[in-house]
Amino acid sequence: MTTEIAIKLENATKAFTRLKGDPVVAVDNVNFDVFKGEIFGLLGPNGAGKTTTLRMISTILKPTDGHILVDGFDTTAQSNEVRRRLGFLSGNTGLYKRLKAWEMVAYFGQLYGMKESLLMERIDKLFKLLDMVEFRDVLCDALSSGTRQKVSIARTIVHDPPILVFDEPTAALDPLVARTLLDFIKGLKDEGKTIVFSTHIMLEAERLCDRVGIIHRGKMLEIGSIPEILERTGTDSLESAFFALAGEGVWE
């Protein structure tokens with residue numbers, strides 16, 4: 001990990017307009033940097049603003065105010081350049097039921113303009129790496145939640161982007177598949193990738209992250225390495241630190 005910045009958020013804000021009443025501010029004046037080669041965890045309960053933040057980084061949503069840079073490119077003005085450098089695993093993006101697993105991944109590679117020979121070589125490598133060979137020709141509609149998640153990961157990284165954004169990647173997975181996935185994410189860091197992922201599971205963050213940002217009700221409460229956050233909050237665990245910052249009952 002270096003101090004070279006891969007992602008920069010400057011006063012990033014996202015408000016959604018209600019049919020009636022005042023706008024809902026989902027992300028409120030958030031600032032943080034992600035360094036190249038690090039795993040940065042965005043932590044908080046459901047509804048904290050994690051997914052909205054990641055969708056702004058990934059160009060799916062435009063900030064209402066502020067700026068976001070990915071590898072030096074503005075996510076609003078230069079969104080195509082950002083997408084070339086970034087892979088985004090959404091928490092709720094579906095798969096095309098009538099496509100086979102390999103066809104699903106190939107389709108996304110084609111969207112990125114990959115040459116056929118390189119794409120097939122990349123698919124073969126990913127299917128072996130993620131232990132997907134045995135269901136390569138199975139329709140997505142027939143896959144389990146764990147194997148569907150593997151397909152989603154493969155399509156996210158098929159174009160080999162330097163920056164990866166994972167939104168709750170282990171949600172709804174059994175512990176064995178979740179552990180395999182976390183090991184895979186750690187391996188991506190070892191390859192030099194920059195990774196941002198959101199979670200509400202503190203043990204995942206403690207296991208993987210170089211630094212974390214704790215977000216609650218759209219506001220960034222604290223940013224730093226886990227030892228730094230524990231020292232500043234006078235606590236002995238990341239979960240205790242979160243409760244100290246956000247208040248008891250935050251997950252109720």
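Me: Is cysteine 209 buried or exposed?
Reply: Cysteine 209 is buried, with a relative accessible area of 11%; buried means under 20%, exposed over 50%, and partly exposed in between, with a 1.4 Å probe and protein chains only. This is a predicted model, in which local features need pLDDT of at least 70, side-chain atom pairs count only at pLDDT 80 or more, and totals for chains, interfaces and linings use all residues. Residues are numbered from 1 along each chain as its sequence is written, and side-chain values use heavy atoms, with hydrogens and water left out.

Me: And what about cysteine 140?
Reply: Cysteine 140 is buried too, at a relative accessible area of 0%.

Me: How many disulfides are there?
Reply: The count is 0 disulfides, a disulfide being a pair of cysteine sulfur atoms within 2.5 Å.

Me: Changing topic, how many salt bridges are there?
Reply: The structure holds 15 salt bridges, each defined as a side-chain nitrogen of Lys or Arg within 4 Å of a carboxyl oxygen of Asp or Glu.

Me: Which residue does arginine 232 meet in a salt bridge?
Reply: Its partner is glutamate 222, at 3.1 Å from N to O. Arginine 232 lies in helix 8 (residues 226–233) and glutamate 222 in strand 10 (residues 219–224), so the pair ties together parts 10 residues apart in sequence. Helices (H or I, at least four residues) and strands (E, at least two) are DSSP runs, numbered from the N terminus.

Me: How covered are those two?
Reply: Glutamate 222 is buried at 18%, whereas arginine 232 is partly exposed at 47%.

Me: Which residue forms a salt bridge with glutamate 4?
Reply: Glutamate 4 pairs with lysine 36, the closest N and O atoms being 3.1 Å apart. The pair links distant parts of the chain, 32 residues apart: glutamate 4 is in the segment before strand 1, and lysine 36 is in the loop between strand 2 and strand 3 (39–43).

Me: What order do the strands of the open sheet take?
Reply: The 4 strands run 2-1-4-5 with antiparallel pairing; two strands pair if DSSP finds at least two bridges between them. Strand 2 (24–35) and strand 5 (73–74) are the edges, each pairing on one side only. Strand 1 (residues 5–16) and strand 4 (residues 65–70) are joined by 5 bridges, and glutamate 10 stands opposite histidine 67 in strand 4.

Me: Last one: how many residues of helix 1 are buried?
Reply: In helix 1 (residues 50–57), 6 of 8 residues are buried, among them Leu54, Met56 and Ile57.
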